[in-house]
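Work through the two exercises below with the sequence and the model side by side, and try each task before reading its solution.

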Amino acid sequence: MSDKKKASLLVQGYEVVIGFETHAQLATQSKIFSRAPTAFGAEPNTQACAVDLALPGTLPVMNREAVACAIRLGLALGSHIAEQSVFARKNYFYPDLPKGYQISQFEIPVVQGGEVSFYLGDEKKSVRLVRAHLEEDAGKSLHEDFHGLSGIDLNRAGTPLLEIVTEPDIRSSAEAVAYAKELHKIVTWIGICDGNMQEGSFRCDANVSVRKPGEPLGTRREIKNLNSFKFMQQAIDYEVRWQIEQIEDGLAIQQATVLFDPDTGETRAMRTKEDAADYRYFPDPDLPPLVIERSWVDEVKASMPELPRQMAERLVADYGLPEYDATTLTQSPAMAAYFETAAKASGQPKMASNWIMGEVSRRLNNEEKDIAQAPVNAATLAALLKRISDGTVSNNAGKQVMDALWAGEGQDVDAVIEAKGLRQMNDAGALETIIDEVMAANAPMVEQFRAGKDKAFNALVGLVMKASKGKANPQQVNDVLRQKLG
Amino acid sequence: MSDLHQWGVAELAAAIADKKTSSVEAAQALLARARQHQNLGAYLSFNEDLTLAQAKAADARIAAGERGPLLGVPLAHKDIFVTQGFPSTAGSKMLQGYQSPFDATVVANLAKAGAVTLGKLNCDEFAMGGSNENSAYFVARNPWDTARVPGGSSGGSAVAVAARLAPAVTGTDTGGSIRQPASFCNVTGIKPTYGRCSRYGMIAFASSLDQAGPMARSAADCATLLTAMAGPDIDRDSTSLDHPAEDYSRLLGSPREGASAAQPLKGLRIGLPKEFFGEGCAPDVLAAVRGALAEYEKLGATLVDISLPRTELSIPVYYIIAPAEASSNLSRFDGVKFGHRAAQYEDLLDMYKKSRSEGFGPEVQRRIMIGTYVLSHGYYDAYYLKAQQIRRLIAQDFQDAFAQCDVIAGPAAPTTAWKIGDKTDDPVANYLADIFTLPASLAGLPGMSVPAGFGAGHLPVGLQLIGNYFQEAALLQTAHAFQQTTDWHFQSPEGF
C-alpha cells in the first residue's frame with residue numbers, strides 16, 4: 001500500500017485496528033451434542049431434550065454433521081483441519097446455561113489458520129484467521145412478561161456454533177463490513193449457515209482499538225452482537241471516534257465489552273476486565289478428542305461447491321467479464337447460476353451480466369426479492385437477450401418486454417414482442433418512406449445539418465424513431481439517413 | 001419359602017424358572033426383609049407397586065416360556081443411577097425427591113434382562129466418600145458390626161448384599177467405591193474397564209473415573225449381572241467403548257488353557273506389588289490376604305513380586321482430578337431447573353449461593369472447592385495438568401507390571417471397617433484409606449474384591465484382583481476358581 005493511501009485510512013491521525021469474532025450458527029438438523037431439533041421460533045422449551053436441560057445422568061454425544069460444517073469452512077478458507085482437536089468446558093454460572101459450563105474448544109480448535117480475501121473497491125484485501133472452533137450455544141433469558149421474574153427458554157441451548165476468529169488485520173469500518181459480508185457469503189455459499197442475521201444465525205463481535213501509526217496495539221474494546229452490516233459500520237465508527245476522544249483527552253482506554261445501541265447510535269460498556277470471570281477451562285472428560293481422518297476431509301471436499309472466489313476467476317476467464325462483474329455475480333450460488341444459464345443460452349455473456357446487474361437486480365431490490373424468486377427465469381432472459389442481439393427488438397423495447405414478462409403478462413418472449421408490437425422495423429422500404437417524410441417535414445433541420453451543424457443529425461434520428469414508434473432499428477436509421485443527407 | 005433371601009442370583013433365577021417360587025413372591029419376601037432391617041440404612045427408597053408390577057411382568061414372561069439368568073430376579077440399584085418411578089437422589093438433599101424421566105442405561109439393560117427393582121440404595125452423597133457417612137439421609141451400618149461403617153461410597157449396596165436384603169445389586173466405583181465396601185462387608189464386587197458400562201444415567205461424580213459394576217455374593221453372580229449391564233452405548237455416552245457385549249460367565253468353571261481340574265489356575269502369574277504389602281497395610285488384613293494367596297498357589301498359580309512405584313502418588317493425583325471434574329459436573333445443580341432451590345434469596349447470586357450451600361453436604365462442598373481451586377487460572381498447570389501427566393505414568397506402570405504377570409493381587413483396603421464417626425473429622429485420613437483402589441481407577445483397569453477371610457474382631461477382608469484392560473472374564477474366572485475351594489463368600493454376619 002502506498003504511504004498516501006495508508007495516510008488516507010487514518011482517522012484524525014490514528015490507525016484503526018479491528019479483529020473479528022463471528023458466531024455462525026450451523027445449519028444442522030439437530031443440536032451439537034443431542035438429538036433435539038434446532039429449528040428457530042418454536043414455543044419456549046419445546047426443542048430441548050434431557051441432554052439440553054442438563055438433567056442428571058445425561059451426557060453429550062458429538063453431532064457429526066456439525067463437524068462436517070467445520071471441515072467445509074476450513075476447506076473454503078484454506079485452513080488447517082486438525083487431525084485431533086479437544087473439547088473443553090468453559091465454566092460459569094448463568095440461568096440459561098443449563099450445565100453450568102459451555103462445551104467449547106480452547107487450546108486445540110478444529111480449524112486453524114486460513115484467510116478471507118475480498119475486494120474493497122478495486123483493492124484486494126486479505127484477513128488472516130486465527131482459528132474457528134466448534135461450541136454450543138446457550139439458552140435465552142426472557143425478562144419481559146414475567147412480572148419481575150425471569151423466564152428461561154432452552155430451545156437454543158446446544159445449538160451448534162462455529163466461532164470464527166481473525167487476526168487484528170482490519171483497518172477501517174468499511175473493511176470490517178466488507179470482511180463480514182464476504183464471510184457471510186462464504187458460510188451461506190457452502191451451506192453451513194443460513195446467514196439470517198435477524199434471527200442471530202450470524203453474529204459478529206468486533207475488537208476495536210486505535211493507535212498512532214507505528215505504535216504498539218492499543219487497548220481494545222469488544223463490541224458484542226453486531227447483527228446487521230449497517231449497525232456494524234455505525235458502531236465501529238462511533239467506537240473509533242469515542243476512543244480517539246478519550247485518548248486526546250488524556251484518558252486511558254479500559255479493556256471492556258460494549259454493546260451498540262442502534263437508537264442512540266452509541267456504544268456503552270457492559271463489563272470491564274476487572275469483572276472478567278475465571279472460566280476454569282479444562283478438557284471435557286465426557287468427550288474424547290475429536291479425530292478427523294484424512295478420508296473424512298476428502299469425502300467432504302468431494303461434496304464442496306465451487307467457491308465464490310474461484311468462480312469469479314472462472315467467469316473472468318471463460319466469459320471475458322470484468323473483475324467487477326464477476327465479483328458482483330458471485331454474491332450467491334443462485335445469482336451465479338442464473339448468470340451462467342443466461343450467458344450460455346444467449347451466447348451474450350457481457351450483455352447478460354449487464355442485464356442481471358442492472359434490470360434484474362433493480363427490480364429484485366425494489367421488490368425485496370431474492371434471485372431465486374425472480375419472476376423471469378434465466379432461460380427467458382436469455383431468449384430476450386437473443387432477440388435484442390439479433391435486432392428483433394431494440395434495447396429499449398427489450399426493457400418494455402422485460403416489464404411485461406416481470407409483470408406476468410406472458411411467458412414467451414416472442415409472443416410478448418408480437419403482442420406489444422415491439423418488433424423492430426427491418427423493412428428497408430418502409431423505413432425509407434418514413435425518413436423521406438421526416439426530411440420533407442423538417443427541411444430547416446436538414447439545411448442546418450448540411451450547413452455543418454452535427455447536432456441536427458441526432459434530432460432527425462430522434463424524429464425518425466418517434467415516427468416509427470420506436471420500431472426502427474437505430475443503426476439502420478443512422479445509415480439510411482446519412483446516405484440520404486449525402 | 002422363608003429362606004428365599006439366602007439364595008444368590010443363580011439359585012433364585014432357577015427357582016423362579018422352575019416355578020418353585022415366583023418373581024412376585026421373591027420380591028415380596030425381599031421387600032419385607034429389607035423393611036424389617038431398615039435400621040441398617042441400606043435402602044433410601046422403595047416403590048412397592050412398581051416393584052410388584054415388574055415382578056408380575058417377569059412372571060408373565062416366564063409363563064410364556066422365556067428363560068434368562070436374571071428373569072424375575074429382584075435387584076436393587078445404588079441411588080447414583082437414575083431410575084424411573086423411584087426418587088434418584090445421589091444420596092444428596094440437592095436431589096431430594098427428584099424423579100428422572102428416563103432410566104440409566106445400566107438400569108434399562110438389567111430391566112430388559114427381566115430383573116426387578118426392589119429399591120434404591122444408600123450411598124455417600126454424589127458417591128463422594130468411603131464410609132457412607134456422607135449420605136445426606138442416614139448412615140448405613142455394617143451388618144458384621146453395626147457400630148462400624150460398611151465402606152463407601154456404595155455402602156448401601158454392600159450392606160444389602162451382606163445382610164441378604166437383595167441377592168445382588170449395582171454399585172459405582174470412581175476411586176474404589178465398589179471394591180472397598182465389598183471388602184468391608186464380605187461381598188464380591190467388580191469394577192470393569194472404564195467405558196465398559198455406559199455412564200448414561202449415572203449421576204456424574206468424576207467423568208473420567210466413574211464406572212458401574214455389580215456386587216453380589218459370588219463371582220459367578222457378578223458375571224451374570226455384568227453380562228447384562230455392560231456393552232456399547234455410543235449413541236448416549238461418548239466414553240462408552242465400541243466393543244461388542246460379551247458373556248462374562250464364559251470362562252467360569254473351566255480350567256485355564258493348559259491347566260487341569262485339580263490345578264485350574266496352573267500357569268497363572270499373580271503379581272504382588274510390594275507397595276501394597278508394606279507398613280501401610282494392617283497386619284490382620286495382610287494375614288488374610290496372604291492366606292488367600294496361599295490358596296491360589298494350591299490352585300496352580302505362581303506368585304511374582306512386582307512394583308507399582310507411583311502407588312502413593314495416586315492419592316494426590318486422584319484428589320486433584322476427581323474434585324476438578326466434580327466441581328464442574330455439579331455446576332448444573334444451581335437451583336434453576338431442578339433440585340433444591342433456597343426458599344428465600346435476595347438476587348440471582350444469592351439464590352445460587354443459598355441453594356448450593358443448603359443442598360450440598362460438607363464433603364461435597366469441600367471437593368467442589370478443591371476442584372475449583374485446582375482449575376483456577378494460574379494453578380491449572382501446577383495441579384490439574386501435572387496430575388494428568390502423573391496419571392499417564394501410573395497407567396504405564398501397570399503395563400510394565402503386566403509384562404511380568406497376568407493378574408495383580410493385594411488388599412482392597414489397608415484396614416477392615418472402622419467405627420462410625422472415627423474418621424468424620426479427618427477428611428485426609430479418609431482419603432488415605434483409598435490408596436489400594438485408586439491406582440486401578442486412575443488407569444481405567446478392571447478390578448474386583450473377593451472375600452478372603454477375616455481380620456481382628458471377625459471383620460471381613462477383601463482380596464483385590466486387578467486385570468489388564470478387557471480382562472474381566474479372566475478376572476472373574478480367577479475369583480470363581482478361588483470361590484470353588486473356599487467358603488469365605490458364603491459366610492454371612494450373625495443374625496442375617
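The model is predicted, so local features need pLDDT of at least 70 and side-chain atom pairs count only at pLDDT 80 or more, while totals for chains, interfaces and linings use all residues. Residues are numbered from 1 along each chain as its sequence is written, and chains are lettered from A and ligands numbered from 1 in the order in which they are written.

**Exercise 1.** Compare the radius of gyration of chain A with that of a compact globule of 486 residues.

Step 1. The radius of gyration is taken over C-alpha atoms, and the globule rule is 2.2 Å times the number of residues to the power 0.38.

Step 2. For 486 residues a compact globule would come near 23 Å, whereas chain A has 30 Å.

Step 3. The C-alpha trace of chain A spans about 95 × 55 × 50 Å along its principal axes.

Step 4. Chain A is divided into domain 1 (3-300), domain 2 (306-420) and domain 3 (428-485), with bounds from an automatic or database domain assignment; the C-alpha centres of domain 1 and domain 3 of chain A lie 65 Å apart.

**Exercise 2.** Describe how helix H7 (residues 219-229) and helix H15 (residues 472-485) of chain B are arranged.

Step 1. Helices are DSSP runs (H or I, at least four residues), numbered from the N terminus.

Step 2. The axes of H7(B) and H15(B) come within 8 Å and cross at roughly 155°; axes are lines fitted to C-alpha atoms, for helices over the stretch in contact, with angles from 0 to 180 degrees between N-to-C directions.

Step 3. H7(B) and H15(B) are therefore roughly antiparallel to each other, a term for angles over 145 degrees.

Definitions and conventions. Helices (H or I, at least four residues) and strands (E, at least two) are DSSP runs, numbered from the N terminus. Angles under 35 degrees count as roughly parallel, over 145 as roughly antiparallel, 65 to 115 as roughly perpendicular and the rest as oblique.
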